[in-house]
Amino acid sequence: MEKYQKNLSRPEARHRYWHIHKDNREFFPETGKIFSLKFDGKVFDLKVNHKDDVMTGQLYERHRFLEGDLIIVTKNKYGTYSLEAPDTGLYPHMAQP
């Protein structure tokens with residue numbers, strides 16, 4: 001399995017996207033093609049836009065991604081992806097007492 005990892009920049013965390021640099025672009029599907037990403041027990045449909053950004057707003061439903069948080073995306077066989085975000089926590093109102 002192939003892996004892609006990065007620490008989120010301030011704009012990426014704030015504006016809810018991941019910018020894919022040219023040297024990592026081949027890891028993700030071509031522009032506009034929807035791919036499935038499994039995270040936190042759910043499957044999200046995402047795509048890379050014409051600026052080589054993956055818009056990730058859906059992932060913020062429960063989780064709070066901050067500047068510097070590490071994301072690790074794994075490409076599984078069959079063309080699906082999974083996300084690990086070890087630094088990312090739940091929004092305070094979602095945390096269990």
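Predicted model: local features only at pLDDT ≥ 70, side-chain atom pairs only at ≥ 80, totals over all residues.
Reader: Where should I start? Which strands make up the open sheet, and in what order?

Author: Start with the order of the strands. Here five strands form an open sheet, in the order 1-7-8-3-4. The pairing is mixed.

Reader: Which strands are at the edges?

Author: Look for strands that pair on one side only. These are strand 1, residues 2-7, and strand 4. From one strand to the next, the twist averages 25 degrees.

Reader: How do strand 3 and strand 4 pair?

Author: Check the sense, then count the bridges. Strand 3 and strand 4 are antiparallel, with five bridges.

Reader: Now the inside. How many residues has the largest nonpolar core?

Author: It has 23 residues. Find those with the most contacts inside the core: Trp 18, Phe 28, Leu 37, Phe 65, Val 73 and Leu 83. Then ask which elements supply it. Strand 3 (35-39), strand 4 (42-46), strand 7 (70-75) and strand 8 (81-84) each give two or more residues. Strand 3 gives the most, with three residues.

Reader: Take Leu 83. Which residues does it touch?

Author: Skip residues up to four places away in sequence. Leu 83 then touches Trp 18, Leu 37, Lys 38, Phe 39, Leu 59, Phe 65, Ile 71, Ile 72 and Val 73.

Reader: What about charges? How many salt bridges does the whole structure hold?

Author: Here is the general idea. Side chains of opposite charge can pair when their charged atoms come close. A search of the whole structure finds seven salt bridges. One of them joins the side chains of Lys 75 and Glu 2, at 3.7 Å from N to O. Lys 75 is in strand 7 and Glu 2 in strand 1, so this pair ties together parts 73 residues apart in sequence. Glu 2 is partly exposed, at 45% relative accessible area.

Reader: Which residue does Glu 67 pair with?

Author: Glu 67 meets Arg 10 in a salt bridge of 3.1 Å, N to O. Glu 67 lies in the loop between strand 6 (63-64) and strand 7, and Arg 10 in helix 1 (residues 10-15), so the pair ties together parts 57 residues apart in sequence. Glu 67 is partly exposed at 47% relative accessibility, while Arg 10 is exposed at 56% relative accessible area.

Reader: Last one. Is Asp 53 buried or exposed?

Author: Asp 53, in strand 5 (residues 53-55), is buried yet has no salt bridge. Its nearest side chain of opposite charge, Lys 51, is 5.7 Å away. The cut-off for a salt bridge is within 4 Å. Beyond its neighbours within four places in sequence, Asp 53 contacts Tyr 17, Trp 18, His 19, Lys 47 and Val 48.

Technical notes
Residues numbered from 1 in each chain as written. Heavy atoms only, no water. Helix = DSSP H or I, 4+ residues; strand = E, 2+ residues; numbered from the N terminus. Buried < 20%, exposed > 50% of the residue type's maximum accessible area, 1.4 Å probe, protein only. Lys, Arg positive; Asp, Glu negative; His and termini not counted. Contact = heavy atoms within 4.5 Å. Core = buried A, V, L, I, M, F, W, Y, C linked by side-chain atoms within 4.5 Å. Pairing = 2+ DSSP bridges. Axes fitted to C-alpha atoms, helices over the stretch in contact; angles between N-to-C directions.
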